[in-house]
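Reader: I'd like to learn how to read salt bridges in a model like this one. Can you walk me through it?
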Amino acid sequence: MQLHKYLPLASDRMGTLWALASIKDACIIEYGPAGTTHYGIEGFMNLNSELRASLYTTHMDENNIVMGDSERLTETIKEVDSVYKPPYIFVVASSISSIIGTDIDSICEDLQQAVKAKLIPFTGGGFRGDYTYGIREVLTILAKYVVKAPAARQEKSFNIIGSNADCYNFAADLRELEAVMQGAFGYRLNTVFTANSSIKSIEEAAGAELNIVLRAEGIAAAELLKEKYQMSYIVGAPYGFNGTNSWIKRIEEVLNTKANEIFMAQQMDKARKLLMRFKHATFSYRGFEGLLAGNYDFIADIYPFITSELSINISRAFVNHNLKDKGYRQLPEAFSDRLLVNGSEEAKEALLSEIKPDIIFGDGVLLEMSANTPLKLQVSNPNLHHIQIYDLTPFMGFNGATYIIEILLNQIKQKQKQLKNGF
Amino acid sequence: MSYKYSLDKLKKVSQIETAKDIKQLSNAQFPGTHCPLFGVALTSGYIKDLYTLVVGTDECTYYTKTFAMERSNSDAAMEDNFLSFAIDQDDVVFGCQEKLEKAILHIDRKYRPKAILLVTTCVLEVIGEDFEAIIYSIQDQVEARLMVVHTEHFKCNSHIPGIERTLEALIHLMEKQPVRSGTINILGHRYSGVEDTELLKLLQSKGIEINVVLPSSCSIETIQKASAAQLNIVTDFTALSLAEKMKQRFGVDYVYFDKYLNLERIEAGYRAVADHLAIDLNMAIATLKSEAIELIEKIRPQLEGKSFIYGNTPLLAFEFCSFLCQLGMAPKLIQARDLYVNDDVYMKEIVAAGFDPYVSRIANIAPLQQLYGEIKPNIYIGHENPRSLMEKGITQVVMDMAAKKLGFEVPITFVKMLSKATDKNHAHTGRGNHHAAS
């Protein structure tokens, strides 16, 4: 059923705009009715992200649709090129321009000689897949057309590929990744594809030593950069103490260097104490049953922390998109049966009432559906009401594990009666 | 070819004859206008027992739903009865009539709504999905009354048609009723608390009762009885079409009494209402009007000679600017959505006052920001980036508060806000006569 009480699955076009809109100095022209752009700008705020790109709409009228007249688009491209002089113009199709068959590729090709900006078309229009398709396309195209050959290698620096506005906690997680890489290896962040980034820093991405790919949608980009600029990469995000520890060990192998032993010992010592405290606080309850929801890679990476380190049983995990593209990592076989991929609202509601979870690590919609669940932590989008400003509240890394434990301990303390009644 | 943003591309008030004369400053627009679908979202959420089914792309349905959820979360009068039918590529090629009919049956049985508003979007209009045929085919099988609103954005320039058409659609829910003397409907008011407005407090003090407020305080049941009112008072031009339809179908007369700033128009509105309802408002009108005049005259010296750009308010653009011209303020540029009823009158008033400002299309701030230095306004009225205005030394006045008012309280509230803002500005930038925009 394509009927939704809550939200439909965001489209490839939405993913494209989400990924591009957070890049400073990126210039985007949408060929479609203005309302689509205006809605998109307001929707972007719901992701707790800032519109850093320059975004323009051409608007469209009946003449453009009935007669296929695309002069409005060519004039807008020429105008933006002349007035704002951006190095790149990302020309994004709308659902309407896709349906009427506007050939954005050819328009950009024909116009390229007449403008100074490099024209980069995105022809999806919202019918080619879900938002992960759009994000994959943006990451790949940035690696292909925007990253330049490095003048010189920037020693001890790394890039992050796949931290995007659709990642619920991207700002705080970026800060934590910087802190972990600095503490463990003395490495500094070079650029991010694409959250809070800029065109200039993405152009200079190839100067870094290492690419850290946080989501499968970034693997094609990392492969391209490896091929063109011999940049090594690892895939995966660090969640939990053990997860972060093993993530660092993988980086040790790639960089052929040892992480700072004092830093690591301090972190793991803190980990032991905190995990002990969490176990002590929860031993009097029956084992917690949990639900987890978010992007596939997020689920794959955070699952071991929740189950092994926090001893919470994840009965089911809801993947908030399709898995039609290749490149996703395998989850443990025992867990794959527990995945609900792009499940319907009815299926989720049925599982909520069947499982009656004690805890949900989920998105804003799932939390709204589960009014009676005692312990709830929003970890993914879609976001409905939550405002995030402070960026020292990570989920990734050692501090992320600490922060999640702190939230859970507080919620357990507040909900003791409700939890014990269910014992 | 070199492009340069220039006011010369625009026409002036005296040259505006049709909506096509209102030009854009640039081809590239930011942020662009909202679409009629947004107009529906602003309106139908107020109506209790009504379910709104938005049929469109993932994007159109997703953002409408998040807006509706946010709005219902912050406004007690709003309900989140929005459902989405997200079309896919197959629907674009083969149509989606059968699937839609199934969805409507499902909604009817699961939620038991009294009415369902089907809302089309751009793609559905382009592929020509026939929603009227869907209603004809399925109405007998469902309990809910079905209605449709079309919201293609490529035929218009703003969200206003979405509001107008949603209100018009309500005529299908109305039934002929015996007239209840001394009752009124308020048509077009989209804010809660209409009872607290000057107009309603005055009418209620004379024993006049509110029958129904469309859309901000109504249900399917009260809408059915809307034709029982003795008089419709249209407080927003978006409800004029509904009022005309109600007059034709049920014989309910109406008075158009918008959120005017001009004192004579407000007085005329009050007198028309009093005549229709056969009540005496002479004393009250005289008192309220003289209070307004006293305040305006007190603040006039502070405002006289100040120049402004009109951006966007919930009030009538040209009527608003005409009022400021009467206060001795100088319009430099008026941003307008379209031309609406009586705009020709208001534009003539502006010219008669000795002003002939440029007129541009609304919701295109990017090129305008490059022209602030040339325009050098003292005041910007409406929503804009406060920081960017502050950097140019331009005082911003946002008028959202005044939109909830009706009667002389509209100009009183506005003039007070304007006075406060310009006072603040004086304190803020008042180092000599320095003006950052100059």
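Reader: Before we go on, what ground rules apply here?

Author: This is a predicted model, so local features need pLDDT of at least 70, side-chain atom pairs count only at pLDDT 80 or more, and totals for chains, interfaces and linings use all residues. Residues are numbered from 1 along each chain as its sequence is written, chains are lettered from A and ligands numbered from 1 in the order in which they are written, and side-chain values use heavy atoms, with hydrogens and water left out.

Reader: Which residue forms a salt bridge with B:Glu209?

Author: The general idea: a salt bridge is a side-chain nitrogen of Lys or Arg within 4 Å of a carboxyl oxygen of Asp or Glu. Here the partner is B:Arg180, with the closest N and O atoms 3.0 Å apart. B:Arg180 lies in strand E7 (residues 180–189) of chain B and B:Glu209 in strand E8 (residues 209–215) of chain B, so the pair ties together parts that are 29 residues apart in sequence. Strands are DSSP runs of E, at least two residues, and helices are runs of H or I, at least four, numbered from the N terminus. B:Arg180 is partly exposed too, at 37%.

Reader: And within a helix, how many residues apart are B:Arg300 and B:Glu297?

Author: They are 3 residues apart in helix H12 (residues 282–303) of chain B, which is about one helical turn.

Reader: What about B:Lys259, buried or exposed?

Author: B:Lys259 is buried, with a relative accessible area of 3%. Its salt-bridge partner B:Asp258, at 3.6 Å from N to O, is buried as well, at 2%. Both belong to a network of salt bridges that also links B:Arg190 and B:Asp236.

Reader: How many salt bridges are there over all chains?

Author: A search of the whole structure finds 33.

Reader: Now zoom out: how many helices and strands does chain B have?

Author: Chain B has 18 helices and 16 strands. Of its 438 residues, 60% count as buried. Among contacts (heavy atoms within 4.5 Å) between residues at least 6 apart in sequence, 75% join residues at least 24 apart.

Key. Buried means under 20% relative accessible area, exposed over 50%, partly exposed in between (1.4 Å probe, protein chains only).
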